[in-house]
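Hello,

Here is the structure we talked about. Please open it and keep it beside you as you read my notes.

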Amino acid sequence: MTAQKTILRALAGETQPTPPIWMMRQAGRYLPEYKATRAEAGDFLSLCYNSDLATEVTLQPIRRYGFDAAILFADILLLPQALGADLWFVTGEGPRLSTITDQAGLDALRPVDEIHETLNPIYQTVRNLSKALPQETTLIGFAGMPWTVATYMIAGQGTKDQGPAHALKDENPAVFDALMERLTEGTIEYLSKQIEAGAEVVKLFDSWAGSLKGADFDRYAIEPARRIIAELKSRHPATPIIAFPREAGEKYIGFARATGADCVALDNSVSPDWAAAHVQVDGCVQGNLASSHMVTGGEGLVRETRKIVEAFANGPHIFNLGHGITPDADPDNVQLMIDTVRAQR
Ligand code: CP3
């Protein structure tokens with residue numbers, strides 16, 4: 001079976017004259033059609049759990065731009081919710097969760113085999129999408145990595161330095177390790193169901209991996225990724241996996257080898273030339289244009305886009321941003337980025 005879709009070819013290690021392209025948070029508030037559908041749903045979580053509307057917003061950026069991949073519309077915090085945490089979003093601020101800081105909080109969580117009751121609408125969205133997408137478009141499923149998800153469950157919200165999670169890790173390792181274990185097992189089951197429903201690739205978001213230093217990085221970023229990837233590969237050997245240990249810096253080196261990931265997604269704090277020499281040597285990379293260019297546009301956008309395409313031209317590459325597009329981005333700048341990537345061959 002040869003992969004025809006451009007994203008799957010890159011993930012299989014093929015160097016292509018024009019890199020395939022998609023964008024983190026491509027379905028989002030910078031698009032007027034997203035805002036309209038979100039208003040129809042009522043709020044963000046209702047949108048995530050409404051399979052028809054979640055399908056619609058996933059398709060919107062594909063219709064508008066013809067990206068090479070669609071990413072399932074959902075959120076990394078749905079898994080903690082399925083495990084029994086309370087979750088809500090405060091407009092203009094972000095997520096809030098009930099906090100877990102001790103054994104009693106851990107004991108109150110549901111067992112992993114009960115998560116699907118909550119997550120079934122998400123699998124339905126995946127099934128809808130695998131029917132609705134154009135045949136050349138790859139469907140990407142995703143989950144948060146245990147460390148990143150744990151930082152939200154422990155603090156009850158997003159934090160600048162992940163202080164509460166670091167404190168629990170250092171002061172009550174038994175509870176912290178048990179939470180990491182539950183999340184590791186939950187992530188495997190959640191992603192496995194997405195793959196069974198039709199996700200062709202899965203991506204692991206470790207947005208706060210960069211705050212894990214030294215041995216902590218190996219233990220709480222690499223080791224969970226290695227376990228999740230090994231188990232998914234044993235169940236679904238043909239499904240490629242993209243890992244995003246954001247702001248890993250020097251730790252990007254060897255990450256694919258250490259974890260078994262087919263592709264490492266790069267944030268924009270590493271230079272493309274450096275990453276080509278040290279990370280792309282091990283296989284496919286994804287990234288890494290600063291999302292601020294989607295706000296500022298112009299010559300700067302064109303110059304940086306070309307620089308990234310050229311730096312990664314001698315190996316497998318999927319073009320993307322270094323982090324999600326922001327609500328203040330101009331939709332025309334997204335088109336300019338795509339045109340610039342596709343003009344270079
Ligand atoms: O990329 C995509 O288009 C797919 C959908 C997706 C969302 N969140 C939708 C979303 C994905 C892959 C995520 C991942 C996610 N969610 C991460 C990891 C990636 C990253 O950005 O670092 C994290 C940390 C979260 C948790 C989360 N969800 C936060 C902190 C917020 C609030 C910040 C914000 O942008 O409002 C969200 C909300 C969220 N998730 C929105 C979207 C489209 C905005 C919700 C809205 O419409 O108001």
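T137 is buried, because its relative accessible area is 3%, and the cut-off for buried is under 20%. Bear in mind that this is a predicted model. T137 sits in the loop that links helix 7 (115–132) and strand 4 (138–144). What does T137 touch, not counting residues up to four places away in sequence? The list is K5, I62, F67, D68, A69, A70 and E200.

F67 also turns up among the contacts of V334. Leaving aside neighbours within four places in sequence, V334 is in contact with M23, Y30, Y65, F67, M294 and I325. V334 belongs to the largest nonpolar core, which has 122 residues. Within that core, V334 and M337 touch the most other members. Helix 10 (residues 173–197) gives the core its largest share, 10 residues.

Now the largest pocket. Its volume is about 1500 Å³. It is lined by 45 residues. Closest to the pocket centre are R25, R29, D75, F89 and P95. By type, the lining splits into 23 nonpolar, 14 polar and 8 charged residues.

Which helices and strands each supply at least two residues of that lining? On the helix side, they are helix 2 (32–41), helix 3 (44–49) and helix 8 (146–155). On the strand side, they are strand 2 (87–90) and strand 3 (94–97).

Best wishes

Note on methods. Residues are numbered from 1 along each chain as its sequence is written. This is a predicted model: local features need pLDDT of at least 70, side-chain atom pairs count only at pLDDT 80 or more; totals for chains, interfaces and linings use all residues. Side-chain values use heavy atoms; hydrogens and water are left out. On a 1 Å grid over the protein atoms alone, a cavity is a set of points where a 1.4 Å probe fits but cannot get out, and a pocket is an open set with protein on both sides within 12 Å along at least five of seven lines; lining residues have an atom within 4 Å of a point. Grid points are joined across faces, edges and corners, and a volume is the space filled by probe spheres set on the points. Helices (H or I, at least four residues) and strands (E, at least two) are DSSP runs, numbered from the N terminus. Ala, Val, Leu, Ile, Met, Phe, Trp, Tyr, Cys and Pro count as nonpolar, Asp, Glu, Lys and Arg as charged, and the others, Gly among them, as polar. A nonpolar core is a set of buried Ala, Val, Leu, Ile, Met, Phe, Trp, Tyr and Cys residues joined through side-chain atoms within 4.5 Å. Buried means under 20% relative accessible area, exposed over 50%, partly exposed in between (1.4 Å probe, protein chains only). Contact means heavy atoms within 4.5 Å.
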